[in-house]
There are 6 protein chains.
Amino acid sequence: MKAQAIGYGMGKKDFEHANCVRAFLGESEGKREAVTKLECNLDDMTGEEIGFAIEQLFEAGAKDVYTQPIGMKKSRPAVLLSVICLPGDADRLAEVVMKHTTTLGIRRQDMSRYVLERRMETVTTAFGDIRIKRAAGMGVERSKPEYDDVAALAREHGVSLETIRKGLT
Amino acid sequence: MKAQAIGYGMGKKDFEHANCVRAFLGESEGKREAVTKLECNLDDMTGEEIGFAIEQLFEAGAKDVYTQPIGMKKSRPAVLLSVICLPGDADRLAEVVMKHTTTLGIRRQDMSRYVLERRMETVTTAFGDIRIKRAAGMGVERSKPEYDDVAALAREHGVSLETIRKGLT
Amino acid sequence: MKAQAIGYGMGKKDFEHANCVRAFLGESEGKREAVTKLECNLDDMTGEEIGFAIEQLFEAGAKDVYTQPIGMKKSRPAVLLSVICLPGDADRLAEVVMKHTTTLGIRRQDMSRYVLERRMETVTTAFGDIRIKRAAGMGVERSKPEYDDVAALAREHGVSLETIRKGLT
Amino acid sequence: MKAQAIGYGMGKKDFEHANCVRAFLGESEGKREAVTKLECNLDDMTGEEIGFAIEQLFEAGAKDVYTQPIGMKKSRPAVLLSVICLPGDADRLAEVVMKHTTTLGIRRQDMSRYVLERRMETVTTAFGDIRIKRAAGMGVERSKPEYDDVAALAREHGVSLETIRKGLT
Amino acid sequence: MKAQAIGYGMGKKDFEHANCVRAFLGESEGKREAVTKLECNLDDMTGEEIGFAIEQLFEAGAKDVYTQPIGMKKSRPAVLLSVICLPGDADRLAEVVMKHTTTLGIRRQDMSRYVLERRMETVTTAFGDIRIKRAAGMGVERSKPEYDDVAALAREHGVSLETIRKGLT
Amino acid sequence: MKAQAIGYGMGKKDFEHANCVRAFLGESEGKREAVTKLECNLDDMTGEEIGFAIEQLFEAGAKDVYTQPIGMKKSRPAVLLSVICLPGDADRLAEVVMKHTTTLGIRRQDMSRYVLERRMETVTTAFGDIRIKRAAGMGVERSKPEYDDVAALAREHGVSLETIRKGLT
């Protein structure tokens, strides 16, 4: 991998944001892509409702959605909801957050993300087929059986995840 | 919804950073405003002292202050303190953080925030007056009884929040 | 230190459970007292409402009330609410929990607690009077300025807790 | 409310432990039932695997399963897994925990639980039928629309939970 | 699996508490042993100091020590410290907690623990020797390379834990 | 306090990104330096393995590494790992994260940090020498005994941290 030489300009018109991200890429040795994080603090919503909002956000195309426990004023245990998405999806997903949560404000951070290249393969085991996710780049080569496949076979055969994974070696 | 042309000033002239924020706004379809997050990791401060710092930060004009549990080196359970504020208040609030915490470094992120327009109304119930916070924009219309009013009436009448809220319908 | 003979009554006659607690005390070398923990999982209540319930529980005589973040089914971030109280107050406080939360079940554990003997003293400083809480027993002697006094003086003089505490030495 | 005489059997004869639980019931003024909590610390299992174990524990009849973040030695962020079940199911569920987790030890606490009496009703709204869960006892009367029904209708109509709930009043 | 007759002594004579524990064992189908949990809420101690207390508790013979984030009154982010130990060590460890923390009260719960039988074996790999911890009982047979050995080899060879573990198959 | 003109180099020539950071500095009244945060969500890694990755990241030159509990899809309790580093170290540390974790993507945020000036002094006490860390700037002057020294003396003398610290006054 090599650092990439990419020209861009910032105090100019055109698409400021895109230029900015291109600069990021220029200085990285790994492959980087632009991502956006949306986040909001929720102290007037129940866990049940937050679970539903998470489901809706995944359906609407969020790359990842996760929650963190936070403590807020007046001794309130609350939740920080974070949504990771493509920058181009951020406005649309912010509307989904507004629709399914009680927040009045959603913070947005545009950032970059180092990523590995991914490739899927399928392996046949005594229990059934399992996809293997292979990832490479930035000096590493890793592989991992796809959780959903392992879990489906564990459920089908009434055994533990471990038992299914042992069938792979 | 359409991209909005929003003029705003940060009390500074036109250098790179301000341009950057304006660019964000240009590409959004909802209304966005600039906000700043200050954060620091605290592993040499007690919960008692952090509670006091939070109180002081709200008094100094922070829009929101919250804590998150973090795990640090040497098996230390610690706290990440976050302060959300107007960009123009960040330097001043960073000084308040320095005064009331033990941190030697405060991270600062300038970002934007999608916001709904808000409006207050007052409703009279059998228990007393309750303000209703109405929010609109980005495809939603929501309303919510103001917690402080509901709580005050619940305390006054010795009943639950639920009982007070039922008086609203 | 020696095992202590401690007589105490729970206002009931001699059935199994009470014997059990007395046995605990018999085998301890420090002073132990009986306490009860009430706890419930809350996934259909907001942080705002939980903050109110905590306030009500302290007013009703709970010795301590605290929350912990928990993860529940269906990806719900929820809260475990715990109340520490005297065994004789448990039934009454369980009713307060039922009144101010949404739970349908409250778990109760009767246990013991090692305690130090406490004593208050007052010290006069340049900023004002501060109570010192002294604790002794089980091989230790400790003292600590009362937080509420230190905080009150810090607010009054517009300084940090640290500044007030330094006036003590 | 008065202490209630409650007869129940754990399918065992009269040894110490059972007496103990019965004593709890005798001294309570609300209705209490016996429950058991199983818990283990997990620092050598992934979140993915824990999610699977939780699913298996619910299928095996656990009344509730939840996780809490804990910090363990050597700066390890770990998970405390708790299972709430009937005392008579504890041995069987401990085996399920052993099968689907990596733990070598499961702590067991037998305790009691204050419970409200529950009753289901069905209400017809413009969006569809919704069951209402009513709970009574210990000085309270509460009701709540069943989350699963509200969520199913929200998904079907593409609206928020709030919109469905408003159809109830 | 069958209920097991297990003789064990706590170095005390036959009072209520010991009987109670023996009753637990009688009704279990797996092997159970008695354990004690000590816990205290810490809101006036720093993470740094808690890390030190944890270290001291392990040295004093605690079987396990862990922390959980809790929220306490006045918006304080605090820590629940738990110590798992043999019942016979509880008084002594409670003194260590008193010495190295700021708590004035330590809750104690005596409970039982389902355990698997453990056995160590050593395997020679291309990277070096690794102990394998085998556990059996309650319907499962599991094994796991000892973390400390894997970590030591990973440090020595400058590779990941995964690389060392792959050498085992 | 006044805005400060600060020259610093990132080992790169003058491209846009550095300008951007310098702009930050220009608008601040305290001293600010550039820092980078790397973060990734881990739901397929154990606490044990995360503890090892943290150790490796500190060795590789991270300024700080910490973890936060997060809840992810499918009821998975997971961990958010954050690494704070110099911007010039970010690419290299991202490779360390890729080597020692299972993540396929690492988010990167470039931000600034308010910092105090630090200075070390040594004080001799009855127990031994203790370094005092002094920090000044942004309106505050603080000092704190270096934890590692206090802890080393506490271990050596078999006393609490408190006892060692009392020897300082």
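**Exercise 1. Which side chain does A:Arg107 join in a polar contact, and where does A:Arg107 sit?**

Step 1. The side chains of A:Arg107 and A:Asn41 make a polar contact of 2.9 Å. A polar contact is a pair of N or O atoms within 3.5 Å; within protein, one must be able to donate a hydrogen and the other to accept it, and residues adjacent in sequence count only if both atoms are side-chain atoms.

This is a predicted model: local features need pLDDT of at least 70, side-chain atom pairs count only at pLDDT 80 or more, and totals for chains, interfaces and linings use all residues. Residues are numbered from 1 along each chain as its sequence is written, chains are lettered from A and ligands numbered from 1 in the order in which they are written, and side-chain values use heavy atoms, with hydrogens and water left out.

Step 2. A:Arg107 lies in strand S4 (residues 105-115) of chain A. Strands (E, at least two residues) and helices (H or I, at least four) are DSSP runs, numbered from the N terminus.

**Exercise 2. Is A:Arg107 buried or exposed?**

Step 1. The relative accessible area of A:Arg107 is 3%.

Step 2. Buried means under 20%, exposed over 50%, partly exposed in between (1.4 Å probe, protein chains only). So A:Arg107 is buried.

Step 3. Look at what A:Arg107 touches, not counting residues up to four places away in sequence: the list includes A:Leu38 and A:Leu80, and from chain B, B:Tyr66 and B:Met111. Contact means heavy atoms within 4.5 Å.

**Exercise 3. How do chain E and chain C meet?**

Step 1. Here 33 residues of chain E contact 36 residues of chain C.

Step 2. About 2,900 Å² is buried between them, 54% of it from carbon and sulfur atoms. Buried area is the accessible area (1.4 Å probe) that two parts lose on being put together, summed over both. In chain E, E:Leu104, E:Arg107 and E:Arg108 lose the most area to chain C, together 24% of what that side buries.

Step 3. The interface of chain E and chain C holds three salt bridges. A salt bridge is a side-chain nitrogen of Lys or Arg within 4 Å of a carboxyl oxygen of Asp or Glu. C:Lys144 and E:Asp44 form a salt bridge at 2.8 Å, N to O.

Step 4. Strand S4 (residues 105-115) of chain C pairs with S4(E), antiparallel, over four bridges. Pairing needs at least two DSSP bridges. C:Ser112 has E:Arg108 as its bridge partner.
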